[in-house]
Amino acid sequence: NVPEEDISEYGELLPKFVADTNAAAQEKGVAASAAFIRGVPHQASYVKSIAPLVVDKCLNKRPGTVSEAKELLLALMEADSPTPVMEFIFAGFKHRVPKVAQAAIDVCAEALSAFGVKHIPVKPLLKALVPTFAHANKDVRETSMSLVTSLYLWIGSAMEQNLSTLKLRDAQVNELKKRFEDA
């Protein structure tokens, strides 16, 4: 059993671990942060200090760091509720670096798979996805299409009814409907 003052002392270091400028140290720091979050009480208190840094500083790094960052975000979601963490991830959808936007969408897909639609805020997710369908990068658009297809598997025809909220081009609507049929 770890004393509360030790938890507090190490907890204050988590943002520094996540934002480290040394790539190797950052990757290890993100992994250590995920382990810390999974092992201490009151994990939800770290969401506001860590989640925005993970989205902004870690999702555009080396593949190992991106993988660890996704694990850390999922650990933060497990700690309390996915909703507060998702709000920070939604900010990543608008990031100027396509790799960050794509990784943020991937995290949402993993969260959907792990927690289901009962714990993932679907309406805010759909609203946040709108700019990703007009993104200049085709991989970001493709990842968004895959996420919406996954949502369709969870909520069925309700997803078809919500396609208008995504402000899609006709070709995108037709592509999604074809994916829905194939799913």
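What follows is a friendly conversation about a predicted model, covering its salt bridges, a charged surface patch and a few loop residues.

Biologist: Let's begin with the salt bridges; how many does a search of the whole structure find?
Modeller: In this predicted model, a salt bridge needs a side-chain nitrogen of Lys or Arg within 4 Å of a carboxyl oxygen of Asp or Glu. With that cut-off, a search of the whole structure gives a total of 9.

Biologist: Which residue meets the side chain of Lys70 in a salt bridge?
Modeller: Lys70 sits in helix 5, which covers residues 63-79. Leaving aside neighbours within four places in sequence, its contacts are Ala103, Asp106, Val107 and Glu110. The salt bridge, at 3.5 Å from N to O, is with Asp106.

Biologist: How many residues apart in sequence are the parts that Asp106 and Lys70 tie together?
Modeller: The two side chains meet in a salt bridge. Asp106 belongs to helix 7 (residues 98-115) and Lys70 to helix 5, so the parts they tie together are separated in sequence by 36 residues.

Biologist: Which residue forms a salt bridge with Glu142, and at what distance?
Modeller: The partner is Arg179. This pair links distant parts of the chain, with Glu142 in helix 9 (residues 138-155) and Arg179 in helix 11, 37 residues apart. Glu142 is partly exposed at 39% relative accessibility, while Arg179 is buried at 17%. From N to O, the distance between Arg179 and Glu142 is 2.5 Å.

Biologist: What separates Asp182 and Lys178 in helix 11?
Modeller: These two residues form a salt bridge, with their closest N and O atoms 3.3 Å apart. Asp182 is exposed at 56% relative accessibility, and Lys178 is partly exposed at 48%. Because they are 4 residues apart in helix 11, what separates them is about one helical turn.

Biologist: Which residues are linked with Arg38 in a network of salt bridges?
Modeller: Here the arrangement is described as a network of salt bridges. Alongside Arg38, the residues in it are Glu71 and Glu78.

Biologist: Turning to the surface, which residues gather in a patch of negative charge?
Modeller: One of them, Glu12, is in the loop between helix 1 (4-11) and helix 2 (14-18). Glu12 has a relative accessible area of 58%, so it is exposed. The patch consists of Glu4, Glu5, Glu9 and Glu12.

Biologist: What is phi of Lys167 near?
Modeller: Lys167 lies in the loop between helix 10 (157-161) and helix 11 (170-182), and it is exposed at 67% relative accessibility. Most residues other than glycine have a negative phi. Lys167 has a positive value, near 55°.

Biologist: And what distance separates the C-alpha atoms of Ser164 and Ile120?
Modeller: Ser164 is also found in the loop between helix 10 and helix 11. Its relative accessible area is 59%, which means that Ser164 is exposed. Along the chain, Ser164 and Ile120 are 44 residues apart, and their C-alpha atoms are separated by 20 Å.

Key
Residues numbered from 1 in each chain as written. Predicted model: local features only at pLDDT ≥ 70, side-chain atom pairs only at ≥ 80, totals over all residues. Heavy atoms only, no water. Patch = residues over 30% accessible without salt bridge, like charges linked within 9 Å, V, L, I, M, F, W, Y side chains within 5 Å. Areas by Shrake-Rupley, 256 points an atom, 1.4 Å probe, with all protein chains shown as cover. Lys, Arg positive; Asp, Glu negative; His and termini not counted. Charge placed at Lys NZ, Arg CZ, Asp CG, Glu CD. Helix = DSSP H or I, 4+ residues; strand = E, 2+ residues; numbered from the N terminus. Buried < 20%, exposed > 50% of the residue type's maximum accessible area, 1.4 Å probe, protein only. Contact = heavy atoms within 4.5 Å.
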